[in-house]
Amino acid sequence: SGGAVGPPRPARPWVHRASRGCAAMGREGRDRDRRWSAEEPAEESVADAPRKKEKRPGRDKAKRNRDGTVKTGEVPARSASTASTRSESPAAKASPRRRSPTPPPKEPVKFDHRRTSGEVWRCKKGKRSDIKPGEWDKFGYGWKKGKDEVLSRPISYDSQTLPIPRVKRKDITPELFYEKFACKHQPVIIEDVCDDWPAMRRWNIDALEERFRHIAFKVAKDDKGKKLRMKFKYYADYLRHQRDDSPLYLFETNVDDNGYIRALTSDYEVPDVFPHDWLGLVNNDSRPPFRWFCIGPKRSGTTVHTDPLGTAAWNAVTHGEKHWVLFEPKETKKRVKGRDLLKDGEDDEAIMYFDFLLPRIKRAYPDIKVYEGLQKPGEVIFVPGDWWHGVLNREDTVAVTQNYCGPDNFDVIWSKTRKEREKVAYLWLRNMKKFAPDLYKRAVEMNRRDGFRMRHERPSGERLSDVSSSSSESSSDSSSDEAVDLDPHGLDGVGVPPSVKLGAAGFQKQGAPPLPDMVSSARATFEKPGKRLRLDPELV
């Protein structure tokens, strides 16, 4: 007014009258929401529970007459929150009501090494593709209070649950063990076997980390059977801090082939009650795996299974404690595994098997015999061939185990090997004929009795009708083994002629043995890679 006339305003776009009214109501609603949110007390958030939309006080209007007065008998409705606010005491108004507190979330695992988390993630992702690596602790056995009670739960023995027999090493001889347990295929725990082993001192986690810090050990397999390895310094870091329900289990099968890891074999000896290893007639490059070095973090273990080819096994613990369960060979896979007893959302890992699945199996099958026992440091357990067995590591456990073939189980092992591992059977039979004629006659007689034809006796392309193609493994049979290719340990009683010298005893062109200082230097390269002992200049 009275001023200069400015430029004309741009024409407003045409908007329906109702739309402008809705926009105004929207602005008023947002302002009202802001006021209510400022007045309401803050509540704790619940991650999984959907939040319900609550009525705000004052929104319900009473029915009124045309002149605005409230209808007779009608009372203006009040929301529950308004009524409760008016009825509360001043002290209650000062402390507003909250939802029940949610349990605190688990803290993320913190490792000492920067790369440990990535290495663990890689191995977990490769081992189990059915769950995410971050879900390995979803059942809470490693971080929920009281959830790991199964690790200290005592074993209750009764007419169904029987203890694994126990004997002391001083009270038994190899001959008595063979007659009472090996020939009768009865499991047993032998006490005080490993007390003199260097492994009892050298196989604690700190000492092993010092020796094998930069050596990669097998901790898992992926879906295609590829071995997943991790440096020991990262695995030791994981073992000390992990909270997984079923942690990564170090199960090294490459003990004899890896020059660095082979040093472990000097820390123990095969107990004298297990003198046989007739599969040693197959060279180490072709024979199936038979020796394992194991480190099982607490809560790790193996589900119920039988060992391959009907072999028997012994397992020695140097540190920690194992809980064993065994079933007789006559029991079926369905009964001992109990997978049909699982409920929705449950898993059948070792800790869950011992926690709730094994008790369900006992209730579902009252006639089943269950053998249970605890194995402590210095003790050795004998598991006969074809016995179902599973184990749970109650503590961080270090052990060594071997499978063997001897006079007590040769017939069963040969019958299974000739069908399931045809190439191994061919190499084994060929070396029997060359180095153990009596055992060769025994195997050939079994083939003749059963009407079985070996691979080299069948026409080209003919396969066994009841064996899958997986039985044809990749071991080579193109070259013939010499006596120096075979390990003489465990071949007692197999019938090798005295004139045949096996292993290093058969060397004829090696000359004088190496000097002691050179041997020490070579061993140091295996035990501590990258550090060599300096030789005396006069010896060089």
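Q: Which residues in α12 meet P437, L439, Y440, A443 and V444 in α13?
A: In this predicted model, the helices concerned are α12, residues 422-435, and α13, residues 437-450. On the α13 side the contact involves P437, L439, Y440, A443 and V444. Their partners in α12 are L429, M432, K433 and F435.

Q: How many nonpolar, polar and charged residues has the contact of α12 with α13?
A: The residues that meet include K433 in α12 and A443 in α13. By class, the contact of α12 with α13 has one charged residue, no polar residues and eight nonpolar residues.

Q: Are α12 and α13 roughly parallel, roughly antiparallel, roughly perpendicular or oblique to each other?
A: Two packed helices are described by the angle between their axes and the distance between the axes. The axes of α12 and α13 come within 6 Å and cross at roughly 135°. Roughly antiparallel requires an angle over 145 degrees, and roughly perpendicular covers 65 to 115. The relation of α12 to α13 is therefore oblique.

Q: Is the crossing of α12 and α13 left-handed or right-handed?
A: The angle at which the two axes cross is roughly 135°. As to handedness, the crossing of α12 and α13 is left-handed.

Q: Why does α7 count as roughly antiparallel to α8?
A: Helix α7 spans residues 205-212 and helix α8 spans residues 232-241, with their axes 9 Å apart. Roughly antiparallel applies to angles over 145 degrees. The pair meets this condition because α7 and α8 pack at an angle of about 160°.

Q: Where does H185 lie, and what is its phi?
A: Most residues other than glycine have a negative phi. H185 is not a glycine, yet its phi is positive. H185 is placed in the loop between α5 (174-182) and β3 (188-191), and its phi is about 55°.

Q: Is D386 buried, partly exposed or exposed?
A: D386 lies in the loop between β12 (380-383) and β13 (388-393), and has a positive phi of about 70° although it is not a glycine. Buried requires a relative accessible area under 20%, and exposed requires one over 50%. At 24% relative accessibility, D386 is therefore partly exposed.

Q: Which residues is Y178 in contact with, leaving aside its neighbours within four places in sequence?
A: Y178 is placed in helix α5 and is partly exposed, at 30% relative accessibility. Y178 and P407 are 229 residues apart in sequence, while their C-alpha atoms are 9.7 Å apart in space. With those neighbours left aside, the contacts of Y178 are C183, P407 and D408.

Q: How many disulfides does the structure hold?
A: A disulfide requires a pair of cysteine sulfur atoms within 2.5 Å. The cysteines include C294, which is buried with a relative accessible area of 3%, and C405, which is buried at 0%. The number of disulfides in the structure is zero.

Q: What percentage of contacts between residues at least 6 apart in sequence join residues at least 24 apart?
A: The protein has 14 helices and 14 strands, and buried residues make up 41% of its 540 residues. Among contacts between residues at least 6 apart in sequence, the share joining residues at least 24 apart is 77%.

Terms used
Residues numbered from 1 in each chain as written. Predicted model: local features only at pLDDT ≥ 70, side-chain atom pairs only at ≥ 80, totals over all residues. Heavy atoms only, no water. Buried < 20%, exposed > 50% of the residue type's maximum accessible area, 1.4 Å probe, protein only. Axes fitted to C-alpha atoms, helices over the stretch in contact; angles between N-to-C directions. Helix = DSSP H or I, 4+ residues; strand = E, 2+ residues; numbered from the N terminus. Parallel < 35°, antiparallel > 145°, perpendicular 65-115°, else oblique. Left-handed = near helix turned anticlockwise from the far one by under 90°. Contact = heavy atoms within 4.5 Å. Nonpolar A, V, L, I, M, F, W, Y, C, P; charged D, E, K, R; others polar.
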